Amino acid sequence: MQEEKVKCDVLCIGGGIAGLMAAIKAADTGVEVVVVEKSNTLRSGAGGMGNDHFQCYIPEIHGDFDTFWRELFYGQMVGFFQQLDTDYIRYWFENSFDIVKLWNSWGIPMTYQGRYEFAGHGFPGKQLNHLKYSGMNQKPVLTREAKKRGVKIINRVMGVDILKNEEGRAIGAIGLCTREDKIYVFEAAGVILSTGNCSRIYPSVTPGADNNRAFPLSNSGDGRAMAYRAGAELKNLELVHRHAGPKYFARCGQATWVGVLRDRNGNAVGPWASRPDKTYGDMATEVSKTIFEEYRKSGKGPVYMDMTGITEEDLAYMVHFMKNEGNDSILNHMAGEGLDLGKAAVEFQTFEMQVDGGVKADCRGETAVKGLYAAGDDVSGTISHAAVFGWSAGENAATYASSVKAKDIETSRTFIEEKKDFIDSIKTRKNGATWRETLSGLQQVMVDYCGAVRSSVLLEAGLDLVRRLKKKARASLTAENPHDLMNCLQVLNQIDIGELVLISALDRRETRALHVRTDYTFNDPLLGNKIHLIRQVDGQPVTAWIPVNR
């Protein structure tokens, strides 16, 4: 394979929200920055088609920060917030308004009709922290800002593995071109992982269409897998989350719908909404993502998002923000079918499981590997989380890169050649398994043995199967072209993450959120303020528990 060497001070692997924010901030300090993106930064990542909610604190809206903080932390902290240190969350919200002002100045509209508008993801009468903004073109804007600062963007290149020197410091990475028979070797003093979340290790809600998902297919857990192989710590991989939305149409945006969740008889399924309300929506989807499954399994029937009674003003409001979060397709479909959105009741369902945990990184973006940083969905979070911590990681990686002497990448030549030989074996193999059937096998194992119901017996059996699959895949995967080759490396990353999820689920001997153990049915309060870690030590996965700073 052709090899191309690229040198820079800071390398950002992944050009989503976090990666571009990191690149912009790093370039502002004067260092040389390269972004490598598996897709195209103009529309890549979970925020590629837009977004309409940005979690933040704005003084003129929320008043005193400590009062805001107490309400946020003690009143509404749920889900992945429980995995994060208090100082980490405070840093996030204390710096969020700076990003709001910055984005607005760049041309991403952060106000609605001239004002800061907060709505969605909140209980009636309670403090709201989700700013409504028009993020349809956020990725083109961020791409433009990066290029203005001289950031070199290399699209259609997948990050494969982190390169380290004999001291264990990150000094670069290997990349694979997804369009040509070409390998990239990147030499950098600081490396930032920002490759997105981990999608597709569980089957989609429509098995015949695996690409029908709430998140991009390119979000395949690459950053988590690279970080683990490099020796970084991963956290809470066994804690999964699920999203909800229109049935058979897996797309984010549940809080943008202005309606009431009702059963087929017209009864509200939750106590928080009785009529459409654009400010609060219906929090039943937030409190119980699985309510739709529960109704179906119990025989109560389907649950609908009912917009009946919505005002024309609120309908226009909803449509505006649905378009800005990239939900044009369902609007176009309903219009084509002659359905009046303002009078519709759209059946909702729960989507597939997503891996919630990620790389353990602090406020500075630093991981357990010197010179390796992580931000965005590689860590956990939302659009604003990605923006704030991408900005922080970029600044700190640039400072670090300016303080160290770049190491000659040729000290990693043996590792590079071994990786090239492995990749070459996949693309030159005449007969073998395709990435599609391999991924299908992984998905089947994960949903059957580490899905909605878990136990030591199921998890141990699933772990055996995934390890067999891993061994077979590495020996038999074949690719006909560079795009297939990328997918082969993706599925190997997904298998690695699947194995780590199973190991972590075995080690968490309790039931917590959607991690439901039939052999440990209680929620262990002693684990409530702890983070579950897994890392590679001497080639083997090792787990540990550390306290969360409260």
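Before the first pair of helices, one convention: axes here are lines fitted to C-alpha atoms, for helices over the stretch in contact, and angles run from 0 to 180 degrees between N-to-C directions. Hello everyone, and please keep in mind that this is a predicted model.

With that convention, helix α15, residues 456–476, packs against α16 at an angle of about 160°, and the two axes lie 9 Å apart. Angles over 145 degrees count as roughly antiparallel, so α15 is roughly antiparallel to α16. The crossing of α15 past α16 is left-handed.

Who meets whom there? On the α15 side, the residues in contact include Leu459, Leu463, Val466, Leu469 and Ala473, and on the α16 side they include Leu492, Ile495, Leu502, Ile503 and Leu506.

Let's move to the interior. In soluble globular proteins, nonpolar side chains tend to be buried together. Here the largest nonpolar core holds 139 residues, and those with the most contacts inside it are Val10, Leu11, Phe54, Trp103 and Ile162. Which helix gives the most to this core? That would be our friend α16, residues 482–507, with 14 residues.

Phe54 deserves a look of its own. Setting aside neighbours within four places in sequence, Phe54 touches Ile99, Val100, Trp103, Met110, Leu131, Tyr133, Ile383 and Ala387, among others. Its partners also include Ser96, Asn129, His130 and Ser384. There is also a second, separate core of 23 residues, including Trp257, Ile310, Met322 and Ile330.

Next, a helix that is mostly covered: in α7, residues 222–230, eight of the nine residues are buried. The buried ones include Asp222 and Arg224, along with Ala225, Met226, Ala227 and Tyr228. Just after α7 comes Gly231, with a positive phi of about 105°.

Gln113 has a phi of about 55° and sits in the loop between α5 (96–106) and β5 (117–118). Is Gln113 buried or exposed? Its relative accessibility is 61%, so Gln113 counts as exposed.

Asp538 also has a positive phi, near 55°. Asp538 lies in the loop between β19 (530–537) and β20 (540–547). With a relative accessible area of 78%, Asp538 is exposed.

Technical notes: Residues are numbered from 1 along each chain as its sequence is written. This is a predicted model: local features need pLDDT of at least 70, side-chain atom pairs count only at pLDDT 80 or more; totals for chains, interfaces and linings use all residues. Side-chain values use heavy atoms; hydrogens and water are left out. Helices (H or I, at least four residues) and strands (E, at least two) are DSSP runs, numbered from the N terminus. Buried means under 20% relative accessible area, exposed over 50%, partly exposed in between (1.4 Å probe, protein chains only). A nonpolar core is a set of buried Ala, Val, Leu, Ile, Met, Phe, Trp, Tyr and Cys residues joined through side-chain atoms within 4.5 Å. Contact means heavy atoms within 4.5 Å. Angles under 35 degrees count as roughly parallel, over 145 as roughly antiparallel, 65 to 115 as roughly perpendicular and the rest as oblique. A crossing is left-handed if the near helix is turned anticlockwise from the far one by less than a right angle, and right-handed if clockwise.
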